[in-house]
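Subject: Model handover

Hello,

Here is the model we spoke about, with notes on what was found in it. Please read the notes alongside the coordinates.

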Amino acid sequence: MNLEVIFFFIIAALALASAIMMITQRNPVKSVLFLIVNFFCLALIYLILHAQFIAIIQILVYAGAIMVLFLFVIMLLNLGDESQLTEKMNYKKSIAYILSGVVLLEILIGTGLPLNLNFSSISTKAASIGTVEAIGKSMYTEYLFPFEITSMLLLAAIVGVIVLAKKKFQ
Amino acid sequence: MFTLGVIGVLTRRNAIIVFMCIELMLNSVNLTLVAFSAFHGNPTGQIFVFFVMAVAAAEAAVGLAIIIAMFRNKMTVNVDEINIMKW
């Protein structure tokens, strides 16, 4: 139970708490802010796992770009607080919670019920594969084709967004 | 975290918050991939996380554009009221 494990548990608890706060807020702006806290906690967990590139990309892309996009859309649509959040505990919501419980059970069983408390340490190669150099070397030689296809995907997404969201010209 | 995202998708009615819960689910999968990649010393997991992030960014942009287009027509983002295809 060294300092790294304690740090991980604190950050993980903070990530879970911010996720719970995100799905129970009525104001969508507060939900976005809690999700940003969650993303920062995830970036810290990535740093604990020696994945430096993914951590920085997470902060840049997710917390920096996608959440700002969400905030823009929320403020563009000028949404108020969502009413009827606490009422309506009818059979629909209970079925939703039961389904989510089933999903959680499936995930726990699928990952092998981690009930043992001896924290097996990560691999010794973890620090060397997480650098930008290692990921770049692996991506440009072995995974070059998905990399190029991703650029086409982003182009298609950009064209789709502009077509969907522009005003109609008469 | 994945289960929390599922709960959020199933119980919230604001379409934008549903999208944010989908992003939460994608991030939980990213965390799992990076953890296993660090555990086995295989860089494939982190490369896959990179692509998942790119796809999630594109999907978030397109989804928000759909929401904007829907909002122009019906002036609401409540998923219960978007039922013109209901039989």
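Chain A is divided into domain 1 (1-80) and domain 2 (129-170), with bounds that come from an automatic or database domain assignment. The model is predicted: local features need pLDDT of at least 70, side-chain atom pairs count only at pLDDT 80 or more, and totals for chains, interfaces and linings use all residues. Residues are numbered from 1 along each chain as its sequence is written, while chains are lettered from A and ligands numbered from 1 in the order in which they are written.

Domains of chain A

The C-alpha centres of domain 1 and domain 2 of chain A are 23 Å apart. Contact between them involves 4 residues of domain 1 and 4 residues of domain 2, two residues being in contact if their C-beta atoms, placed from the backbone, lie within 7 Å. On the domain 1 side, the touching residues are 2 nonpolar, 2 polar and no charged. In this scheme Ala, Val, Leu, Ile, Met, Phe, Trp, Tyr, Cys and Pro count as nonpolar, Asp, Glu, Lys and Arg as charged, and the others, Gly among them, as polar.

Confidence

Chain A has an average pLDDT of 79, and 79% of its residues score at least 70; pLDDT is the predictor's confidence in each residue, from 0 to 100. Within chain A, the mean is highest in α2(A), at 89, and lowest in helix α5 (residues 126-129), at 64. Where pLDDT is low, the predicted coordinates should not be read in detail.

The α2-α3 pair of chain A

Helices (H or I, at least four residues) and strands (E, at least two) are DSSP runs, numbered from the N terminus. Helix α2 (residues 28-48) and helix α3 (residues 52-77) of chain A pack with their axes 8 Å apart, at an angle of about 175°. Axes are lines fitted to C-alpha atoms, for helices over the stretch in contact, and angles run from 0 to 180 degrees between N-to-C directions. α2(A) and α3(A) are therefore roughly antiparallel to each other; the classes are roughly parallel under 35 degrees, roughly antiparallel over 145, roughly perpendicular from 65 to 115, and oblique for the rest. Residues that meet here include A:Phe39 and A:Phe40 in α2(A) and A:Tyr62 and A:Phe70 in α3(A). By class, this contact has 20 nonpolar, 2 polar and no charged residues.

The loop between α2 and α3 of chain A holds A:His50. Its phi is near 65°, a positive value in a residue other than glycine. A:His50 is buried, with 20 other C-beta atoms within 10 Å.

Chain B has 3 helices and 0 strands. Of its 87 residues, 47% count as buried (20 or more other C-beta atoms within 10 Å of the residue's own; exposed is 12 or fewer, partly exposed in between, with C-beta atoms placed from the backbone).

Between the chains, 48 residues of chain B are in contact with 60 residues of chain A. On the chain B side, α1 (2-11), α2 (15-40) and α3 (44-74) each give two or more residues, and α3(B) gives the most, with 20. That side divides into 37 nonpolar, 8 polar and 3 charged residues.

The axes of α2(A) and α2(B) cross at roughly 5° and come within 11 Å, which makes the two helices roughly parallel. Among the residues making this contact are A:Leu35 and A:Asn38 of α2(A), and B:Leu24 and B:Asn27 of α2(B). The contact divides into 13 nonpolar, 3 polar and no charged residues.

Regards
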